[in-house]
Amino acid sequence: MKYAVGGRENALLRFSTTERSGAVLIEFEDNGPGIPGSVTLENSTIFGMQLVGMPAERHGGTIRIERQGGIRYIIEFRE
């Protein structure tokens, strides 16, 4: 959160969970500066990105990153 919106006015941090078609979705998003496309969960040294990826990795979920207007992580778990 510190780097996502640090000191910005009109900062947005959103966390949500939903269930759709037998899947549970967990979403984290902010409207901060984002991260370069070259940074991925696999090559990141950014602790926050590693932290976001841990639940998906440990529990067989998938994770998608969207990078328009900040960053959005979408973690999906299927039954």
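Guide: We start with a term: buried means under 20% relative accessible area, exposed means over 50%, and partly exposed is in between (1.4 Å probe, protein chains only). Arg 72 is partly exposed, with a relative accessible area of 27%. This is a predicted model, so local features need pLDDT of at least 70, side-chain atom pairs count only at pLDDT 80 or more, and totals for chains, interfaces and linings use all residues. Residues are numbered from 1 along each chain as its sequence is written, and side-chain values use heavy atoms, with hydrogens and water left out.

Visitor: How many salt bridges does a search of the whole structure find?

Guide: Seven. A salt bridge here is a side-chain nitrogen of Lys or Arg within 4 Å of a carboxyl oxygen of Asp or Glu.

Visitor: Which side chain meets Arg 72 in a salt bridge?

Guide: That of Glu 29, at 3.8 Å from N to O. Glu 29 lies in strand β2 and Arg 72 in strand β4, so the pair ties together parts that are 43 residues apart in sequence. Strands (E, at least two residues) and helices (H or I, at least four) are DSSP runs, numbered from the N terminus.

Visitor: Is Glu 27 buried or exposed?

Guide: Glu 27 counts as buried, at 10% relative accessibility.

Visitor: New topic. Which residues make up the largest nonpolar core?

Guide: Nine residues: Ile 26, Val 39, Met 49, Val 52, Ala 56, Ile 71, Tyr 73, Ile 75 and Phe 77. The largest share, four residues, comes from β4. A nonpolar core is a set of buried Ala, Val, Leu, Ile, Met, Phe, Trp, Tyr and Cys residues joined through side-chain atoms within 4.5 Å.

Visitor: And how many aromatic pairs turn up in the whole structure?

Guide: One. The rings of Phe 15 and Phe 28 have centres 5.0 Å apart and planes at 55 degrees, so the pair is tilted. Rings of Phe, Tyr and Trp (its six-membered ring) pair if their centres lie within 6.5 Å; planes under 30 degrees apart count as stacked, over 60 as edge-to-face, and the rest as tilted.
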